[in-house]
Amino acid sequence: MTDLVIRKIGWEFDASVAFKWQPANPDFGLFCNAFTFIAVPFERYIVSAVRMAADRFAEDPVVAAEADAFLKQEAQHAAAHRKHMLALIERYPDLEQCYTDACAAYDDLLAREPVEFHLAYIANLEATFTPLFKVLLDNRDSLFGGGDVRVASLMLWHFVEEIEHRSSGLILCRHVAPSPWYRLRHVKATFNHVHGVADAIAERFDRIVPFGDRGASTRELLSGAFLTGELKSRLGRAKQAAPTIFGPVPTRELLAMMWRLALSQTPYHDPADQPLPAWADTWMRAYERGEDMTTFFGSPAER
């Protein structure tokens, strides 16, 4: 049976949360704000897709248990990020349209494609999270240090739990579409859709939030070339530096992440085999001890 833990943490956010909550690394802070607005509709989509396949998961008690735990963790993520999202909307009310439009994009996808596609979409995207979030967790001090500990702690909790359930999406996808090539056939459609949702959110961010509160172009930051642009900048081949979330990350780690991201979209890839961030265990042990995880990052217990 699944060993996923459903953690109910009392996240609280209000208007005191600044949009530029990470002045020490505003590009990364902007990425996390956009991540919140992407996460809530995406987690909502996951819950809907998993429920659509509930009868098929019921055929296997092990898969059914995995689906139930996965759904509950993702529902917790959506509820927590919704609180952060509403705090940002309180500052800029027109940002609510980001959420409305992203939900509409996912609702349209749900109506248009079969359940097998949705589970392949989830598995494709979730497969990228372990290499990406490992780098963010391994470099947490340089990325999150100096920022609002409430937002930092929220993000780190989410990244840790994505590492924990790294194989769930693939397990569910394989149950309804056993061929490893089915998932691969939908890689392009998956990331085209994700890019469309992210770009619409970024466009509205840039239109509504003053540049002084952003510090960068959100559309440039979330563009499909943000990884290659970072490498070109380091190699001196970029004409001008583009916004990047990976500035403090060592080049060796960045290259390893890019290689693992490429491997994540191959037919026989299994996230269970990926190297994991040691700090994820530190976080989980602190949760088990009863630490306050809402402000855990930067606390004496975390250090």
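A: Glu162 is buried (under 20% relative accessible area, with exposed meaning over 50% and partly exposed in between, for a 1.4 Å probe and protein chains only), yet Glu162 has no salt bridge. A salt bridge here is a side-chain nitrogen of Lys or Arg within 4 Å of a carboxyl oxygen of Asp or Glu. The nearest side chain of opposite charge belongs to Arg166, 10 Å away; Lys and Arg count as positive and Asp and Glu as negative, while His and the chain ends are not counted.

This is a predicted model, in which local features need pLDDT of at least 70 and side-chain atom pairs count only at pLDDT 80 or more, while totals for chains, interfaces and linings use all residues. Residues are numbered from 1 along each chain as its sequence is written, and side-chain values use heavy atoms, with hydrogens and water left out.

Glu162 sits in helix α7, residues 149–164; helices (H or I, at least four residues) are DSSP runs numbered from the N terminus. Setting aside neighbours within four places in sequence, Glu162 is in contact (heavy atoms within 4.5 Å) with Glu43, Glu74, His77, Glu126, Phe129 and Phe133.

Val160 belongs to helix α7 as well. Val160 counts as buried, at 0% relative accessibility. Its contacts beyond four places in sequence are Leu137, Trp279, Ala280, Trp283 and Met284.

Now to the charged pairs. Side chains of opposite charge can pair when their charged atoms come close. The whole structure holds 15 salt bridges. One of them joins Arg56 and Glu116, with the closest N and O atoms 2.8 Å apart. That pair links distant parts of the chain, from Arg56 in helix α2 (residues 54–57) to Glu116 in helix α5 (residues 115–138), 60 residues apart. Arg56 is partly exposed, with a relative accessible area of 30%.

Two other bridges lie within a helix. Arg112 and Asp108 meet at 2.2 Å, N to O; they are four residues apart in helix α4 (residues 96–112), so about one helical turn separates them. Both ends are partly exposed, Arg112 at 48% and Asp108 at 43%. Asp138 and Lys134 meet at 2.6 Å, N to O, and they too are four residues apart, in helix α5, so about one helical turn separates them. Asp138 is partly exposed at 32%, whereas Lys134 is buried at 17%. Salt bridges with shared partners also join Arg7, Glu161 and Glu164 into one network.

Finally, the nonpolar side. In soluble globular proteins, nonpolar side chains tend to be buried together. A nonpolar core is a set of buried Ala, Val, Leu, Ile, Met, Phe, Trp, Tyr and Cys residues joined through side-chain atoms within 4.5 Å. The largest such core has 98 residues, and Leu95 and Phe144 touch the most other members. Helix α1 (residues 26–52) gives the most to this core, with 15 residues. Beyond four places in sequence, the contacts of Leu95 include Phe19, Phe37, Leu88 and Ile89, along with Arg204, Phe205, Ile208 and Val209.
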